[in-house]
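Dear colleague,

I am passing the structure on to you with this message. My notes on the ligand site and the helix packing follow below.

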Amino acid sequence: MFFDFGIKDVIDIVLVALMLYYIYHLMKESRSLNVFIGIMMFVVLWLFLSQILEMRLLGSIMDKLVSVGVIALIVLFQDDIRKFLYNIGAHQRIPLVMKFFSQDKKNKVDKENIIPVVMACLNMSKRKVGALIVIERSTPLDDIAETGDDIDANINQRLIENIFFKNSPLHDGAMIISKKRIKAAGCILPVSHSFDIPKELGLRHRAAMGISQECDAIAIVVSEETGGITVAIKGKFQLRLSAEKLESILTSEMAV
Ligand SMILES: Nc1ncnc2c1ncn2[C@@H]1O[C@H](COP(=O)(O)OP(=O)(O)OP(=O)(O)O)[C@@H](O)[C@H]1O
């Protein structure tokens, strides 16, 4: 048995080790480290009892628990599994595939649409009007848009400012910009539970981070408290932006 051990087995072990390390990191981030340790202890005990000691009765009971446990884990960790699969998809994308699935070039938000967004953010920042704007890229945001109210209007600076005006019925929640249109407002975004977000940033920023972690959308926040403009892209914040910087980020990101 020992002599059968070959290069394939080494690769197998390395891949399993990498997978366990990745799961360990994911669970640590989502505060589920104790669950991970519990699962590992159960698996070691199961292998020891059923494979090494060959206890058939206990082994078969544990086999059944493992098959039910896998379903329970999928339900318990559906958000983390989703994030994990999204990360794999995002890293492995080949440019050609990306081109195939992404929006038509003519539907992509361009410079003409970026200016009104930037100007609206600048004005709202000066007046400390809170705002949360999400610009769709290759991942469709239809499910998010459905949580708010349909707008379907041209991207217009005054309309954006009007929507986020404090007494407007749609000022709460996020605005979705898709295919050169303001698609919806008052939308609910997934909130990030990351520990890395500075404590002074509240739910609006957490919601921007949440959507940017789940897809390739660009989220812009204007803080009601400080007037600061922040952008969240792929799980990273760029804080305290000037209008010029916001414009250059949007222009370069939309060109990708
Ligand atoms: N999940 C969410 N999806 C969309 N919008 C949200 C979500 N959670 C909170 N918001 C928006 O954020 C507002 C609350 O902002 P909060 O003061 O907690 O955030 P903040 O990050 O500190 O921003 P600010 O600096 O503007 O105060 C809500 O009134 C709502 O409009």
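In what follows, a residue is near a molecule if its C-beta atom, placed from the backbone, lies within 6 Å of it. By that criterion 17 residues surround the ligand, and the closest are Gly202, Leu203, Arg204, Ser223 and Glu224.

Two remarks on the source. Residues are numbered from 1 along each chain as its sequence is written. This is a predicted model, in which local features need pLDDT of at least 70 and side-chain atom pairs count only at pLDDT 80 or more, while totals for chains, interfaces and linings use all residues.

On confidence: the mean pLDDT (the predictor's confidence in each residue, from 0 to 100) of the chain is 86, and 90% of its residues reach 70 or more. For the complex, the predictor gives an ipTM of 0.94 and a pTM of 0.72.

Helices here are DSSP runs (H or I, at least four residues), numbered from the N terminus. Helix α9 (residues 203-214) gives the most to the shell around the ligand, namely four residues. The shell holds eight nonpolar, five polar and four charged residues; Ala, Val, Leu, Ile, Met, Phe, Trp, Tyr, Cys and Pro count as nonpolar, Asp, Glu, Lys and Arg as charged, and the others, Gly among them, as polar.

Next, helix packing. Axes are lines fitted to C-alpha atoms, for helices over the stretch in contact, and angles run from 0 to 180 degrees between N-to-C directions. Residues are in contact if their C-beta atoms, placed from the backbone, lie within 7 Å.

α6 and α8: the axes of helix α6 (residues 111-126) and helix α8 (residues 157-164) come within 8 Å and cross at roughly 40°. α6 is therefore oblique to α8 (under 35 degrees is roughly parallel, over 145 roughly antiparallel, 65 to 115 roughly perpendicular, and the rest oblique). Pro116, Val117, Met119, Ala120, Asn123 and Met124 in α6 meet Gln157, Ile160, Glu161 and Phe164 in α8. By class, this contact has seven nonpolar, two polar and one charged residue.

α6 and α10: α6 also packs with helix α10 (residues 243-255), at about 150° and with the axes 10 Å apart, so α6 is roughly antiparallel to α10. This crossing is right-handed. Lys111, Ile114, Val118, Cys121 and Leu122 in α6 meet residues of α10 including Leu246, Glu247 and Leu250. The contact divides into eight nonpolar, one polar and two charged residues.

α2 and α3: helix α2 (residues 33-52) and helix α3 (residues 56-76) pack at about 140°, with axes 9 Å apart, which means α2 is oblique to α3. Their crossing is left-handed.

Regards

Key:
Helices (H or I, at least four residues) and strands (E, at least two) are DSSP runs, numbered from the N terminus. Two residues are in contact if their C-beta atoms, placed from the backbone, lie within 7 Å. A crossing is left-handed if the near helix is turned anticlockwise from the far one by less than a right angle, and right-handed if clockwise.
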